[in-house]
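Please keep the sequence and the structure open as you read.

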Amino acid sequence: MKKHWNFIIRAVNLLLILAVLWQYQQVALVRADAVSARQKEIDEANAWNTSVLQAQQAAEEAEAESGLKDGTYEGTGLGFGDDITVQITISGGQMTDITVLQHDGEDKPYYTQALTMLDKMLTAQTGDVDLVSGATLTCEGLRDAVQDALGKAAA
């Protein structure tokens, strides 16, 4: 019996080790399932957050695009010699044309230099563009007139 006793102890030890390893495997599987479920929740939350952010951005873009009402608007700004009056045309929420209606007090050379700003304003869709050197006061008058008209279009 002593001969078998050593074998039995080793067999029991082996069975205990196998039982512990099996239990460890079960715990690892439960943890893997929990991690997988948590990752799925995180992915769903991220997808929801992304959709909310996209909806907010779309709403902001739509608001920015529709910020200007279609039509024609006049604005006035003080130039070098007198008031400068412009008319802007808004179509599809975009500024499509700028026409100078009145510039009586402006010196022709300065006025001619300043007119290059109008194309820049149309491209940038704003009156806030760089002024032309050498025609600062006329440029400021044009800029202020366009900003005034844009303010009326946004109202």
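Predicted model: local features only at pLDDT ≥ 70, side-chain atom pairs only at ≥ 80, totals over all residues.

Residues are numbered from 1 along each chain as its sequence is written, and side-chain values use heavy atoms, with hydrogens and water left out.

**The sheet**

Let's start with the strands. Three of them make an open sheet in the order β1-β2-β3, with antiparallel pairing. Here strands (E, at least two residues) and helices (H or I, at least four residues) are DSSP runs numbered from the N terminus, and two strands pair if DSSP finds at least two bridges between them. At the edges sit β1 (71-78) and β3, each of which pairs on one side only. From one strand to the next, the twist averages 25°; axes are lines fitted to C-alpha atoms, for helices over the stretch in contact, and angles run from 0 to 180 degrees between N-to-C directions.

As background, strands of a sheet pair through backbone hydrogen bonds, either parallel or antiparallel. The two pairings in this model look like this:

| Strand pair | Bridges | Hairpin link | A bridge pair |
|---|---|---|---|
| β1 and β2 | Eight | four residues | Glu 74 with Gln 87 |
| β2 and β3 | Seven | two residues | Ile 90 with Met 95 |

Strand β2 covers residues 83-91. Within this pairing, Ile 88 stands opposite Ile 98 in β3. In the turn between β2 and β3, Gly 92 has a positive phi of about 65°.

**Helices on the sheet**

Helix α4 (residues 136-154) lies across β1, β2 and β3, and runs at about 140° to β1. Helix α3 spans residues 116-124, and its buried residues are Met 117, Leu 118 and Met 121. Buried means under 20% relative accessible area, exposed over 50%, and partly exposed in between, using a 1.4 Å probe and protein chains only. Viewed down the axis of α3, these buried residues fall within an arc of 105°, so they line one face of the helix; the arc is that of the directions from the helix axis to the C-beta atoms.

What do the buried residues of α3 pack against? Their partners are β3, α2 (108-114) and α4. Asp 119 and Thr 123, on the other side of α3, are exposed. Just after the helix, Gln 125 takes a positive phi of about 60°.

Now for a closer look at one residue. Gln 102 belongs to strand β3 (residues 94-102). This glutamine is partly exposed, with a relative accessible area of 22%. Beyond its neighbours within four places in sequence, Gln 102 is in contact (heavy atoms within 4.5 Å) with Asp 82, Asp 83, Ile 84 and Thr 85.

The side chains of Gln 102 and Asp 104 are joined by a polar contact of 3.4 Å. Such a contact is a pair of N or O atoms within 3.5 Å; within protein, one must be able to donate a hydrogen and the other to accept it, and residues adjacent in sequence count only if both atoms are side-chain atoms.

Thr 85 is found in strand β2 and counts as buried at 13% relative accessibility. Leaving aside neighbours within four places in sequence, Thr 85 has contacts that include Glu 74, Thr 76, Val 100 and Gln 102. Gln 102 and Thr 76 lie 26 residues apart in sequence and 9.1 Å apart in space, C-alpha to C-alpha.
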